[in-house]
Amino acid sequence: MITSIKTTRVTQSRLETVDFNNLGFGSVFSDHMFQVDYVNGFWSEPEIVPYGPFSIAPGALCLHYGQSVFEGLKAYMGVDGLPRIFRPDRNASRLQNSCKRLCIPAFDESLFLMALDHLVQLDANWIPKERGKALYFRPLIIGLEANLTVKPSDNYRFYIMSSPVREYFSKSNPTISLKAEHSFTRAAPGGMGHAKTAGNYAASLLPGIRSLSEGHDQVLWLDGVNHEYVEEVGQMNIFFQIGNKVITPELRGTILPGVTRDSVLELLRRRGIVCEERRVSIQEIVDAAYAGSLVEAFGAGTAAVIAPVGNIDVNGQQIEINNSAPGPLASSLYNEILDIQTGVSDDVFNWNRMVSL
Ligand SMILES: *Cc1c(COP(=O)(O)O)cnc(C)c1O
């Protein structure tokens, strides 16, 4: 069991060069990163080092065959001045599951959590203080063996970098518009949809830019068999309010089990709202819209937290939701989650990992 991490600090922080009023998403990196290598059948000594490039072999398996898994999670600065990492235990276990699917060796989840604590402590000044902004952590494990055979790598690097990010909501564009995708598929049964792995995102690029060129913000993914059932939206899980029930697609292997999805379900159920995790067809959504019972729709994921949907293009039919404005359910969930993440309200579910400074 590892209790400390060998740390090399930067000699000069880059913090002063960052404009916190103009943060994008993931284009600026904080001073430090964590890294540990897997060689000869073991994870070696972990380290924290200055963020920066490292060299890998051109033949590294991750580059050729996509043996790569990642995570995304955030640390928020609490209103009491203490940093909080949101549900990192969930990301640890999901990363472990992604590793299984990609034949990557298991790692020590307690080391993952400790690495996050240390990174938060070292780069605490990189956590934006303004409401909605956060320090986004990107853990990644890649196969490094130089080998052109299609096989699991013998060697890996596990590293964690962080990036201060803005809030997702913009006043000029408060809802997203979706295109229901009837041709391309994100994930098929038996594939890797439940794993956060590079290949799934490579597959989403072309449909993503096509929907953008048609004036939509995100792709509404339908199932890979008949393009009949709703699965996800962009890189988020999807929720619909129909009448007074909330419906989200059930996790059946093709859907990424989102931490935000799970948090939304817990919060809604605590409010006494009936939530159904089940298959939901795009036809059911269209029918509900025409019947006037489609009240709201929103995406849920770490980056946006909650992203209200204003419009869905279904084969050229335009489904408008809540007059293209954020609805009360989406808005209240966004604030409820952010209040917990920033210590404004009680952390009744014990979701925050508090970090002492
Ligand atoms: C990461 C991700 C999500 C959201 O998961 P969170 O844990 O809530 O961030 C949903 N769908 C896909 C495809 C994702 O990659």
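These legends describe close-up views of a predicted model.

**View 1. Helices H5 and H7 cross.** Helix H5 covers residues 259–270, and helix H7 covers residues 328–341. Two packed helices are described by the angle between their axes and the distance between the axes. Here the axes come within 11 Å. They cross at roughly 105 degrees. H5 is therefore roughly perpendicular to H7. On the H5 side, Val264, Leu267, Leu268 and Arg270 make the contact. On the H7 side, the contact residues are Leu329, Leu333, Glu336, Ile337 and Ile340.

View 2. Asp262 pairs with Arg90 in a salt bridge. Their closest N and O atoms are 3.6 Å apart. Asp262 lies in helix H5, while Arg90 lies in helix H2 (residues 88–101). Arg90 has 33% relative accessibility, so Arg90 counts as partly exposed. The whole structure holds 24 salt bridges.

**View 3. Arg269 meets Glu277.** The side chains of Arg269 and Glu277 form a salt bridge, with an N to O distance of 3.2 Å. Arg269 is partly exposed, with a relative accessible area of 40%. Glu277 is also partly exposed, at 34%. Elsewhere, salt bridges that share partners join Arg87, Arg90, Asp262 and Glu266 into one network.

**View 4. Lys151 pairs with Asp154.** These two residues form a salt bridge. The closest N and O atoms are 3.6 Å apart. Asp154 has 45% relative accessibility and counts as partly exposed. Lys151 has 27% and also counts as partly exposed.

**View 5. Three side chains make a nonpolar surface patch.** Tyr65, Leu148 and Val150 form the patch. The patch area is about 340 Å². Val150 sits in the loop between strand S8 (134–143) and strand S9 (156–165). The relative accessible area of Val150 is 66%, so this residue is exposed.

**View 6. Val69 is buried in strand S5.** Strand S5 spans residues 68–70, and Val69 is part of this strand. Val69 has 0% relative accessibility, so Val69 counts as buried. Leaving out residues up to four places away in sequence, Val69 touches Leu95, Ser98, Cys99, Leu102, Ile104, Pro139, Leu140, Ile141, Lys196 and Thr197. Find Gly199 too: its C-alpha is 9.2 Å from the C-alpha of Val69. In sequence, Val69 and Gly199 are 130 residues apart.

**View 7. Lys179 is a buried lysine.** Lys179 belongs to strand S10, residues 176–181. Its relative accessibility is 16%. Buried means under 20%, so Lys179 counts as buried. Lys179 touches Ser211, Glu214, His216, Gln218, Val219, Leu220 and Asp313. That list does not count residues up to four places away in sequence.

**View 8. Gln35 is a buried residue of strand S2.** Strand S2 runs over residues 32–39 and contains Gln35. At 12% relative accessibility, Gln35 counts as buried. The contacts of Gln35 include Glu45, Pro46, Glu47 and Val49. Arg157, Phe158 and Tyr159 are also among them. Residues up to four places away in sequence are not counted. Gln35 and Val49 are 14 residues apart in sequence. In space, their C-alpha atoms are 7.7 Å apart.

**View 9. Asn315 has a positive phi.** Its phi is about 50 degrees, although Asn315 is not a glycine. Asn315 lies in the loop between strand S17 (305–314) and strand S18 (317–320). Asn315 is exposed, with a relative accessible area of 61%.

**View 10. Asn323 has a positive phi.** Asn323 is not a glycine, yet its phi is about 50 degrees. The loop between S18 and H7 holds Asn323. At 66% relative accessibility, Asn323 counts as exposed.

How values were computed
Residues numbered from 1 in each chain as written. Predicted model: local features only at pLDDT ≥ 70, side-chain atom pairs only at ≥ 80, totals over all residues. Heavy atoms only, no water. Patch = residues over 30% accessible without salt bridge, like charges linked within 9 Å, V, L, I, M, F, W, Y side chains within 5 Å. Areas by Shrake-Rupley, 256 points an atom, 1.4 Å probe, with all protein chains shown as cover. Salt bridge = Lys/Arg side-chain N within 4 Å of Asp/Glu carboxyl O. Helix = DSSP H or I, 4+ residues; strand = E, 2+ residues; numbered from the N terminus. Buried < 20%, exposed > 50% of the residue type's maximum accessible area, 1.4 Å probe, protein only. Axes fitted to C-alpha atoms, helices over the stretch in contact; angles between N-to-C directions. Parallel < 35°, antiparallel > 145°, perpendicular 65-115°, else oblique. Contact = heavy atoms within 4.5 Å.
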